[in-house]
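Okay, thanks for coming, everyone. Let me put the sequence and the model up, and then I'll talk you through it.

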Amino acid sequence: HLVTILGDTALRAADLDEAAAQKVKKDAELALTKPSTDFDYSHAVAELAQAVAQLHAISQLRKKLKIR
């Protein structure tokens with residue numbers, strides 16, 4: 001078998017934390033809708049993208065393992 005992974009980061013399935021990813025997603029969405037004086041748009045977008053990716057990975061893992 002050959003596996004090729006192209007990415008900047010990798011997480012093990014055991015390191016995925018759904019609750020934490022949902023909180024980061026919610027916080028990033030809030031930051032994007034109500035920016036503060038020390039608001040960093042690129043940081044908020046990056047955090048949102050990472051959280052969405054983690055939640056997608058968790059969803060795919062659940063489907064593969066048939067876990068609710």
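Let's start at Leu61, which sits in helix H2. By helix I mean a DSSP run of H or I at least four residues long, strands being E runs of at least two, numbered from the N terminus.

Quick housekeeping. This is a predicted model, so local features need pLDDT of at least 70 and side-chain atom pairs count only at pLDDT 80 or more, while totals for chains, interfaces and linings use all residues. Residues are numbered from 1 along each chain as its sequence is written, and side-chain values use heavy atoms, with hydrogens and water left out.

Back to H2, residues 41-65. Its 25 residues should span 36 Å at 1.5 Å a residue, and the end C-alphas are 36 Å apart, so that agrees. The expected span, by the way, is 1.5 Å times one less than the number of residues. Just after H2, Lys66 takes a positive phi of about 55°.

Which residues of H2 are buried? They are Ala44, Leu48, Ala51, Gln54, Leu55 and Ile58. Part of what covers them is helix H1, 18-33.

Gln54 deserves a stop. It counts as buried because its relative accessible area is 17%. Setting aside neighbours within four places in sequence, Gln54 is in contact (heavy atoms within 4.5 Å) with Leu11, Leu16, Asp17 and Ala21.

Now the whole thing. The protein has 2 helices and 0 strands. Its radius of gyration, over C-alpha atoms, is 15 Å, well over the 11 Å that the globule rule gives for 68 residues, so the protein is more spread out than a compact globule. That rule is 2.2 Å times the number of residues to the power 0.38. Along the principal axes, the C-alpha trace spans about 50 × 30 × 15 Å. Buried residues make up 12% of the 68. And of the contacts between residues at least 6 apart in sequence, 56% join residues at least 24 apart.

That's my tour; questions welcome.

How values were computed:
Buried < 20%, exposed > 50% of the residue type's maximum accessible area, 1.4 Å probe, protein only.
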